[in-house]
Amino acid sequence: MSDHLGECEACRQQVERALDSDAAFFALRSEAFGEAVETPPLMREHPTLEQTAGYVDGRLGGEELQVLTDHLSSCEHCALVVDDLRSFRNQIGDEVDHEYQPVPARAEGWRHRVVASLPPIFQRSPALAFGTALTVLLLGLTGIVIWRALQAREAKQEIVVTPTPPPSEDGAPPPPVIAQLNDGEGAITLDREGKLSGADHLPPAYQSMLKDALMNQRLERSPLLKGLVRPSSALMSGDKQGNTFSVLEPVGRVLLSDGPTFRWSPLNGATGYIVEVYDEKFNLVATSPQLTEHSWTAPQPLRRGGIYSWQVNAIKDSQEIKSPRPPARQAKFRILDPAKANELAQARRTYASSHLALGLLYAQAGLLEESQQEFRALQKANPNSEIARRLLENVPSPRR
């Protein structure tokens, strides 16, 4: 439709007249959405326990995953069940991995323990012992400073050197490591046979996600971004004198917050601006008072899981100038559904040090700026890593 309006002057004028007339607009809207849209049969029922457990473990796929995701976006009860089940699973995992040991008996003061562990010659002269220790410490620090200076002077492309694992029982050499990244407090490695090491603290679904990313070294575009991408033509409008202004953000983005802030560029000579926010059926869900600033935050939260469009009406010389307007497409954005928002909140609390896992989770959810932030931190921990660089470059621009 947008392509046709860009070429057909007659149709474009007809649409513009409809947009400038409330009666014509609502008549067109009534004709387009006069019939009620029935809910697909698969979304009328709550998911079974087996389906819920499969969603939490990341075992669902295809249409079943999409249907359950859509259901969770509109059913607060089921979203809470998924969140509780995921928290219970993580809690059980921590309890199983914990190693319980008896509390050691209270020992003597640390000075007595240190002196008692020294050879006899140092026990007779503790000052000599601590002096010797201080000398060793200073030599060690000097060695570290020299080593770092040599490393900085010989900076090259990274060559990952990993310890050679012990041979297998049959004497065969271990498979070579094809990827290694420093992540959090440890290192994550992947060998040629697909064995992932260093990610045992992550659930199986997240381990599979890391394995695919390290193997392919690229990211799949999130399906939540579909229909939101900003077109090549600028979303701009102008007055008769050619003064232009445009909507800036959010455009073509998935948002984690349900209270977005809208920003736009100023129009020269405008005395005020009014922001209007519409849902997928062009119902007006939020509107601002007349503003003189160039940003506005919606006072009430928007429904999670919904796709919205918005525009700005600039008031100049008692006339309203809209941005965007045909043939430019609408400025759209999506609010992340509650199930995915709860999953990300849980991941941030539990795996805060894993920039690789969080970066991949944000990318899957379409949260591009958050994903780029995590991958920049990962690249900082791996400054010469080609893998870290490629993952960061694979995150699309929020307006691409």
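1. Secondary structure. The protein chain of this predicted model contains 14 helices and 13 strands. Its length is 400 residues, and 35% of them count as buried.

2. Contacts along the chain. Consider the contacts in the protein chain whose partners have a separation of 6 or more: 60% of these are accounted for by residues 24 or more positions apart.

3. Aromatic pairs. Searching the whole structure gives seven aromatic pairs. One of them joins F262 and W310, with 4.9 Å from centre to centre and 55° between the planes, a tilted arrangement. This pair links distant parts of the chain, since F262 belongs to strand β7 (residues 261-264) and W310 to strand β11 (residues 307-316), 48 residues apart. Are F262 and W310 buried or exposed? Both residues are buried.

4. A further tilted pair. Why is the pair of W264 and Y273 classed as tilted? The ring centres of W264 and Y273 are 5.8 Å apart and their planes stand at 55°. Planes under 30 degrees apart would count as stacked and planes over 60 as edge-to-face, so the pair falls into the remaining class, tilted. Both W264 and Y273 are buried.

5. Two crossing helices. Helix α10 (residues 204-216) and helix α12 (residues 355-364) have axes that come within 10 Å and cross at roughly 90°. An angle from 65 to 115 degrees counts as roughly perpendicular, and α10 is therefore described as roughly perpendicular to α12. Which residues make the contact? From α10 they are Y206, M209, L210, A213 and L214; from α12 they are L356, A357, L360, L361 and Q364. Sorted by class, the contact of α10 with α12 comprises nine nonpolar residues, one polar residue and no charged residues.

6. Helix α4 and the residue after it. Helix α4 covers residues 49-57, and its buried residues include T52, G54, Y55 and V56. What follows α4? The next residue is G58, and the phi of G58 is positive, near 75°.

7. Points to find in the structure. The reader may wish to locate the F262 and W310 pair, which connects strand β7 to strand β11, and then the contact of α10 with α12, where no charged residues take part.

Conventions: Residues are numbered from 1 along each chain as its sequence is written. This is a predicted model: local features need pLDDT of at least 70, side-chain atom pairs count only at pLDDT 80 or more; totals for chains, interfaces and linings use all residues. Side-chain values use heavy atoms; hydrogens and water are left out. Rings of Phe, Tyr and Trp (its six-membered ring) pair if their centres lie within 6.5 Å; planes under 30 degrees apart count as stacked, over 60 as edge-to-face and the rest as tilted. Helices (H or I, at least four residues) and strands (E, at least two) are DSSP runs, numbered from the N terminus. Buried means under 20% relative accessible area, exposed over 50%, partly exposed in between (1.4 Å probe, protein chains only). Contact means heavy atoms within 4.5 Å. Axes are lines fitted to C-alpha atoms, for helices over the stretch in contact, and angles run from 0 to 180 degrees between N-to-C directions. Angles under 35 degrees count as roughly parallel, over 145 as roughly antiparallel, 65 to 115 as roughly perpendicular and the rest as oblique. Ala, Val, Leu, Ile, Met, Phe, Trp, Tyr, Cys and Pro count as nonpolar, Asp, Glu, Lys and Arg as charged, and the others, Gly among them, as polar.
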